[in-house]
Amino acid sequence: MQNTAKEQATPIMIGAEVFIEPGQTPKEIDLWFRRLQEAGMTVTRIRLFETYMRKPDGKWDYTLFDAAYKAADKYGIKVYGNLFPATAFTDLGGLKFPKDEDHLGTIARYVENVVTHFKQFDSCYGWVPVNEPGVGHFPQEQFATDKYREWKAAQAHPEYNSGGYDHFDFADERFHLYYNTWFLKWLTDEIHKYDPDSIIHVNNHAIFKNVAEYNFTDWRDFLTSLGGSAHASWHFSYFNREQYALAVSANCEIIRSGAGEIPWFMTELQGGNNTYSGFLSLCPTKQEITQWLWIAIGAESKGAIFWCLNPRSSGIEAGEWAMLNYHNEPSDRLQAAVEVINTVNEHIGFFEEAKVVASGINILYTRESIWVEKKLQTGGKSYEGRDEGGVMKSALAYFEALSEAGVQANLKEISEFDFSKRSYDGIAIILAHQIAIPSKYWPLLEAFVTKGGKLIADGLTGYYDENAVALMRLGFPLRNLLGADVLEYKAIDDMEEMVVDGIALPAYQWRGSLKATTATVLAARNDDITATENNFGKGKVYWLPSLVGLGSRILSSYDHLNLFLAKVLNYSTLNLPFVFEEPQKGVLMKLLGNNKEIVTIIINKAVVRRELKLIPQNSSLQPIVLFANNGGKVGGNHISIEAEEILVIKWV
């Protein structure tokens with residue numbers, strides 16, 4: 001584990017990236033760092049382009065970037081140096097992997113030159129070894145294929161029994177997971193040769209699509225802090241604009257879970273307009289900037305860096321993304337960020353040590369489900385439930401539903417969940433259409449429920465094992481846990497109604513027919529059992545073998561799903577200081593605690609003002625409004641909040 005002393009010394013840092021490129025003058029660069037200081041920003045990140053420092057004759061000229069570090073020294077700005085070895089001018093994201101052994105050597109020499117030079121500056125705070133690791137596909141470089149052969153030869157035979165059935169091995173996907181980790185660790189070791197114990201940080205990207213490439217639990221061993229990029233125009237294709245605040249919230253929760261006990265920090269938030277770059281063109285509003293920043297803070301981030309402060313002048317992103325206008329004046333977006341910074345600084349005693357108040361509800365996804373889903377694509381008609389993304393969208397549906405109820409849910413890869421506790425009273429796991437459950441988790445899930453946990457399984461959860469062998473046959477390994485067998489799944493073309501314990505839920509894509517063993521019937525269609533409840537040890541399992549979550553998401557209504565969740569999870573038994581009296585469509589709430597003080601961060605993405613009530617666990621708590629950007633009010637437990645407004649309340 002890396003020394004996090006620097007990280008803890010300045011727990012909340014908000015800033016914007018300064019983009020450095022030839023053509024800029026020292027005077028301009030100095031002005032940009034002055035703008036950071038004037039905004040109350042304390043941190044930046046700089047891409048250290050090898051192509052702008054190493055000359056054709058092999059000599060190094062650091063003059064351009066020295067001007068940036070000197071300005072950072074002058075204005076008290078901390079700098080994350082983002083390593084950026086030589087790459088094509090048109091390469092937006094930068095190097096992800098070495099091409100061959102010689103290329104690896106040139107990267108090592110680049111690291112030596114850059115780290116030994118820039119560590120001299122007081123402003124040198126830490127290093128980002130790779131910008132946005134993750135490529136979305138198996139790496140094709142020669143070095144990767146050589147490394148693949150080496151990795152495969154070293155693999156011990158896994159303790160896996162397919163029951164004699166032939167199966168995929170997903171070796172490419174498992175290698176990719178290993179390879180990302182190997183390269184990050186190699187770069188970290190190279191940095192520490194020249195700057196021992198320095199801060200190492202990395203920002204993953206496109207989290208909802210690339211997350212299966214990231215082994216966050218292994219990264220914790222050599223990173224000081226974990227981060228990410230959250231750019232609406234690049235990364236939020238599973239959401240519409242009204243859901244972007246929710247997307248940032250889910251993104252933050254995935255990173256927070258991945259970070260575990262090390263700090264996490266939102267490395268890149270979209271700060272300005274994009275025109276030709278991005279999968280869509282948009283300019284964040286000042287309200288969105290405020291919302292995204294508060295959401296990151298509300299998810300326990302140590303701060304955030306906007307991409308970026310100044311517009312670059314060359315390349316595909318020329319003139320884009322900036323928080324300053326073309327005259328180097330603060331935009332309304334930067335001014336909105338300043339208001340958040342001022343509020344956080346005013347109450348830094350709370351925010352610097354605040355922790356997320358967890359509900360005990362854990363929405364788990366498995367990377368194997370994402371791998372299997374992708375492997376089995378055959379084209380043809382598009383169905384949202386079986387296209388790539390169905391697995392993640394199903395998990396996100398439950399996250400959104402609980403957000404509308406004011407319930408803070410965790411969003412974790414299954415390997416990040418702690419299965420070692422003695423009791424799981426008051427703890428719930430939701431497996432929403434997680435089609436592949438690796439065999440090693442079958443007994444762990446049984447133990448979780450036996451010790452008092454609640455489990456909700458939705459869709460085709462458990463349909464496959466880790467190698468895509470179908471499990472829904474005689475001898476179904478989750479039979480005892482779920483209390484039933486599947487007789488068959490039937491594809492359904494239209495949304496159907498499934499009445500579960502008196503609540504009408506949408507059944508989408510498939511309808512499962514169950515044969516109960518120990519479970520009781522919750523829903524039936526003619527003579528077919530379509531949902532069950534099973535007592536197992538001290539806990540319970542609810543099995544909804546249809547895409548209930550995704551169906552609710554497609555209908556854009558979580559009303560009935562929230563009725564079901566409130567009934568089976570019984571929010572009054574959870575460790576939640578506040579929930580909404582009733583679900584609020586388009587509203588979300590983050591909860592932070594510090595000793596006996598609680599802060600609620602409430603965002604209204606609905607198109608109208610909302611009047612809502614909070615149900616407090618402790619009725620003696622009194623509200624103090626810390627931040628309201630459109631006149632929002634609180635009286636007792638009654639909240640009045642305008643459309644697009646954010647209301648931050650401390651309860652004491």
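These legends describe close-up views of a predicted model. Local features need pLDDT of at least 70 and side-chain atom pairs count only at pLDDT 80 or more, while totals for chains, interfaces and linings use all residues. Residues are numbered from 1 along each chain as its sequence is written, and side-chain values use heavy atoms, without hydrogens or water.

**View A. Helix H11 crosses helix H12.**
H11 spans residues 286-298 and H12 spans residues 332-346. Helices are DSSP runs (H or I) of at least four residues, and strands (E) of at least two, numbered from the N terminus. The two axes come within 8 Å and cross at roughly 35 degrees. Axes are lines fitted to C-alpha atoms, for helices over the stretch in contact, and angles run from 0 to 180 degrees between N-to-C directions. In H11, Ile289, Leu293 and Trp294 are among the residues that meet H12. Contact means heavy atoms within 4.5 Å.

**View B. Four strands form an open sheet.**
The order is E21-E24-E27-E26, with antiparallel pairing. Strands pair if DSSP finds at least two bridges between them. E21 and E26 stand at the edges with a single partner strand each, so one side of each has no neighbour in the sheet. Three bridges join E21 to E24. Val579 has Ile615 as its bridge partner in E24.

**View C. Leu565 sits in the largest nonpolar core.**
Such a core is a set of buried Ala, Val, Leu, Ile, Met, Phe, Trp, Tyr and Cys residues joined through side-chain atoms within 4.5 Å. Buried means under 20% relative accessible area (1.4 Å probe, protein chains only). The core holds 227 residues, of which Phe33, Phe208 and Leu565 touch the most other members. Helix H6 gives the most to this core, with 11 residues.

Key: A crossing is left-handed if the near helix is turned anticlockwise from the far one by less than a right angle, and right-handed if clockwise. Buried means under 20% relative accessible area, exposed over 50%, partly exposed in between (1.4 Å probe, protein chains only).
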